[in-house]
Amino acid sequence: MNDRRDCGNADVLMSYLYDEGDAAERQRFEAHLAACPACATEMAQLRGARDGLRAWTPPETVLDFRIVRDTPPVRGRFAWLAVPQMPAWAQLAAAALVVGVSVGISGLEVQYGAQGLHVRTGWQQAAAPGTVQPRVAFAAAQPSVSGSDAPWRAELTALEQRLRGELGPQAVAASSAQPGRVVAARGGRAMSDEEFLGRVRQLIEASESRQQRELALRITQAVRDFDTKRRTDLARMADGLGALEGRTGAVVSQQRDMLNYLVRVSQRQQ
Amino acid sequence: MTLTDEELVARSVAGDSDSFNQLILRWERPIYALAYRQIGREEDARDVVQDAFLRAFRALPGFKGQAKFSSWLYRITLNLCRDFMRRDRRAPFVQPPDGVDIAELVPADTGHVDSIEDVVARDDLSRHVAKAMLTLPDEQRSAILLKEYHGLTFQEIAELQGCPLSTVKTRLYQGLTVLRRELQRRGAAPAGATGRSS
């Protein structure tokens with residue numbers, strides 16, 4: 001039976017195409033398709049479109065998704081020590097504050113003289129202005145702090161006397177050569193600004209010239225190393241090429257011998 | 001023993017995340033295929049899949065089992081794809097991923113070894129189909145994808161798309177008709193798809 005109601009009916013066409021729907025409807029449409037060339041053509045075209053869809057495959061990819069629960073951090077005994085999340089500038093400011101407070105509490109004193117850099121803390125006894133207070137004398141000047149009967153006390157005193165004996169003549173000699181230097185080192189009087197600047201310039205110049213010398217030395221060393229490496233590589237390459245040439249020559253020689261042998265054999269047979 | 005989706009959902013709701021991971025393992029490929037065919041870009045499809053599972057996991061306590069878990073997941077994915085394409089404002093296109101030979105994208109046939117001509121022809125057709133599909137309206141494309149590649153019934157698609165069953169069939173019919181014409185126009189119609197236009 002050719003039911004004209006099914007002709008071009010999307011509902012029926014889709015049910016038949018995807019094989020969904022009741023059997024009676026399907027049988028009825030099959031009969032219609034047999035008698036209706038238009039619907040048969042349409043059905044063939046829709047099946048062709050479905051064939052095309054089968055060719056469309058997504059690319060292979062690694063998925064492997066997982067749900068992972070975040071575990072809360074365990075608060076240990078020293079959890080209060082943990083630095084909370086704060087921006088870098090805040091951490092930097094906190095660190096600077098701590099250092100500043102520490103310096104303030106310790107009474108840090110920095111001195112720069114001919115004998116180098118001196119760093120003292122406020123816990124040491126301040127030297128009276130105009131007096132010489134060598135660092136080695138500090139321990140001996142505190143006899144009441146610890147027991148004076150300690151065995152190391154006598155050794156330390158002896159060491160102090162020896163150092164005084166050694167440093168005394170040197171200081172005198174240095175003072176005759178560069179008077180300002182010793183005075184500045186002992187803190188007897190303050191350097192004038194010109195003297196201080198001159199001294200700084202001297203030190204800077206000396207440092208620069210030393211750095212230049214070191215740089216020149218290192219450059220020379222690097223150039224020498226590079227040149228040595230280059231010569232070594234060239235020698236290796238030459239050796240390798242020579243070996244290759246030798247091998248090639250040997251192969252050619254072997255082939256030539258083989259050819260000669262073949263020629264001789266063939267001539268004998270003739 | 002293989003647990004059903006519903007059993008795994010129940011365990012996940014009770015706090016067993018391993019059960020949800022089993023659901024992910026079971027459904028990540030189909031969801032990825034759906035997202036890829038909707039969006040057309042591998043990386044974006046992967047992002048959508050990840051987002052879909054995350055949303056599903058978070059919304060799991062509210063999932064009362066009115067629909068199948070897979071249908072619910074498909075709906076989440078399609079919504080995310082739609083949002084993505086609206087937000088992205090870019091014309092979707094399909095391209096092979098970096099470092100992948102396009103000929104390798106064709107699935108291996110267990111029965112016989114395809115000739116290189118067959119592989120190239122199928123790949124050519126695949127690219128044409130991808131482009132043709134992306135010319136369809138979102139609802140028609142979704143209906144075809146769910147029917148062709150995920151085997152949903154008309155009724156399931158209707159529930160998922162929130163429309164009458166007859167509308168689903170109309171969308172399928174119109175979508176397939178436009179697809180067939182588009183392939184014909186591109187000269188890539190498979191055998192049977194050519195012929196008189198109706």
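Two residues are in contact if their C-beta atoms, placed from the backbone, lie within 7 Å. This is a predicted model, in which local features need pLDDT of at least 70, side-chain atom pairs count only at pLDDT 80 or more, and totals for chains, interfaces and linings use all residues. Residues are numbered from 1 along each chain as its sequence is written, while chains are lettered from A and ligands numbered from 1 in the order in which they are written.

In chain A, residues 24 or more positions apart account for 42% of the contacts with a separation of 6 or more. The secondary structure of chain A comes to 8 helices and 2 strands, where helices (H or I, at least four residues) and strands (E, at least two) are DSSP runs, numbered from the N terminus. Along the sequence the pattern of chain A is α-α-α-α-β-β-α-α-α-α. Of its 270 residues, 8% count as buried. A residue is buried if 20 or more other C-beta atoms lie within 10 Å of its own, exposed if 12 or fewer, and partly exposed in between, with C-beta atoms placed from the backbone.

One local feature of chain A is in the loop between α1 and α2 (23-35), where A:D19 is placed. A:D19 has a positive phi of about 55° although it is not a glycine. Most residues other than glycine have a negative phi. With 7 other C-beta atoms within 10 Å, A:D19 is exposed.

Turning to the interface, 30 residues of chain A are in contact with 48 residues of chain B. On the side of chain A that touches chain B, the elements that give two or more residues are α1 (10-17) and α3 (37-54). The largest share, 13 residues, comes from α3(A). By class, this side of chain A has 16 nonpolar, 6 polar and 8 charged residues. Here Ala, Val, Leu, Ile, Met, Phe, Trp, Tyr, Cys and Pro count as nonpolar, Asp, Glu, Lys and Arg as charged, and the others, Gly among them, as polar.

In chain B, B:R11 is in helix α1 (residues 5-13). B:R11 is partly exposed, with 17 other C-beta atoms within 10 Å. Not counting residues up to four places away in sequence, B:R11 touches B:D16 and B:S19.

Further along chain B, the axes of helix α6 (residues 138-148) and helix α7 (residues 154-161) come within 10 Å and cross at roughly 140°. Axes are lines fitted to C-alpha atoms, for helices over the stretch in contact, and angles run from 0 to 180 degrees between N-to-C directions. α6(B) and α7(B) are therefore oblique to each other; angles under 35 degrees count as roughly parallel, over 145 as roughly antiparallel, 65 to 115 as roughly perpendicular and the rest as oblique. From α6(B), the contact is made by B:E139, B:S142, B:A143, B:L146 and B:K147, and from α7(B) by B:I157, B:L160 and B:Q161. This contact has 4 nonpolar, 2 polar and 2 charged residues.

The axes of α7(B) and α8(B) come within 8 Å and cross at roughly 100°, which makes α7(B) roughly perpendicular to α8(B). In α7(B), B:F154, B:Q155, B:I157, B:A158 and B:Q161 meet B:L165, B:V168 and B:K169 in α8(B). Among the buried residues of α8(B) are B:V168, B:K169, B:L172 and B:L176. Just after α8(B), B:G187 takes a positive phi of about 70°.
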